[in-house]
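Dear colleague,

Please find below the structure that I am handing over to you. A summary of the findings follows it.

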Amino acid sequence: MPREPRKKSSTGIYHVTNRGINKLPIFNSNREKTRFQNLLKEYKEKYDVQIYAYCIMSNHFHLLIKADLEELASFMAKILAIYAIYYNKMHQRIGYVFEGRYRSQCIENTSYFWNCFRYIHSNPVKANMCKSIEIYKYSSAR
């Protein structure tokens with residue numbers, strides 16, 4: 001059965017997430033989180049995307065991003081592939097790293113944008129990884 005095509009946001013803004021295969025931690029160390037963070041920074045300069053918010057957790061990530069749907073697909077394909085190669089090499093393994101294709105939700109209004117923005121940044125606090133969003137190094141809240 002073919003998968004549904006992605007919905008196009010009227011604002012061009014999406015909440016993008018993906019997680020490790022079988023919900024496994026794929027950002028185990030600070031080094032791995034930093035590598036993914038650096039990929040976001042590097043490739044947002046090479047693609048026509050604007051990242052409004054991001055958060056890298058141990059087994060998943062969140063992005064609040066503005067892009068044309070095709071540009072978003074190219075951007076995500078690039079960073080996910082490069083990270084998967086890096087992760088597999090570091091852990092001396094082969095195979096999938098991410099649980100299928102990334103998920104994207106259309107952000108269609110200002111209220112939903114700000115709710116999503118707060119939700120993304122509150123993830124580490126809710127997971128008891130830190131006491132305040134401002135001190136978590138692997139999100140854009142700082």
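Helices (H or I, at least four residues) and strands (E, at least two) are DSSP runs, numbered from the N terminus.

Please note that this is a predicted model, in which local features need pLDDT of at least 70 and side-chain atom pairs count only at pLDDT 80 or more, while totals for chains, interfaces and linings use all residues. Residues are numbered from 1 along each chain as its sequence is written, and side-chain values use heavy atoms, with hydrogens and water left out.

The buried residues of α1 are Glu-32, Lys-33, Phe-36, Gln-37, Leu-39, Leu-40 and Tyr-43. They cover an arc of only 150 degrees around the axis, which puts them on the same side of α1; the arc is that of the directions from the helix axis to the C-beta atoms. Helix α1 (residues 30-44) has 15 residues and should span 21 Å at 1.5 Å a residue, which agrees with the 21 Å between its end C-alpha atoms. The expected span is 1.5 Å times one less than the number of residues.

**Aromatic rings**

The structure holds 15 aromatic pairs. Rings of Phe, Tyr and Trp (its six-membered ring) pair if their centres lie within 6.5 Å; planes under 30 degrees apart count as stacked, over 60 as edge-to-face and the rest as tilted.

The pair of Tyr-52 and Phe-113 is edge-to-face, because the ring centres are 5.3 Å apart and the planes stand at 80 degrees. This pair links distant parts of the chain, 61 residues apart: Tyr-52 belongs to strand β2 (residues 49-56) and Phe-113 to helix α3 (residues 110-126). Phe-113 is buried, with a relative accessible area of 12%, whereas Tyr-52 is partly exposed at 30%.

Phe-113 also pairs with Phe-117: their centres are 6.2 Å apart and their planes at 20 degrees, so the pair is stacked. Both lie in helix α3, four residues apart, about one turn of the helix.

Elsewhere, ring pairs link Phe-27, Phe-36, Phe-61, Tyr-83, Tyr-86, Tyr-87 and Phe-98 into a cluster.

With kind regards

Technical notes
Buried means under 20% relative accessible area, exposed over 50%, partly exposed in between (1.4 Å probe, protein chains only).
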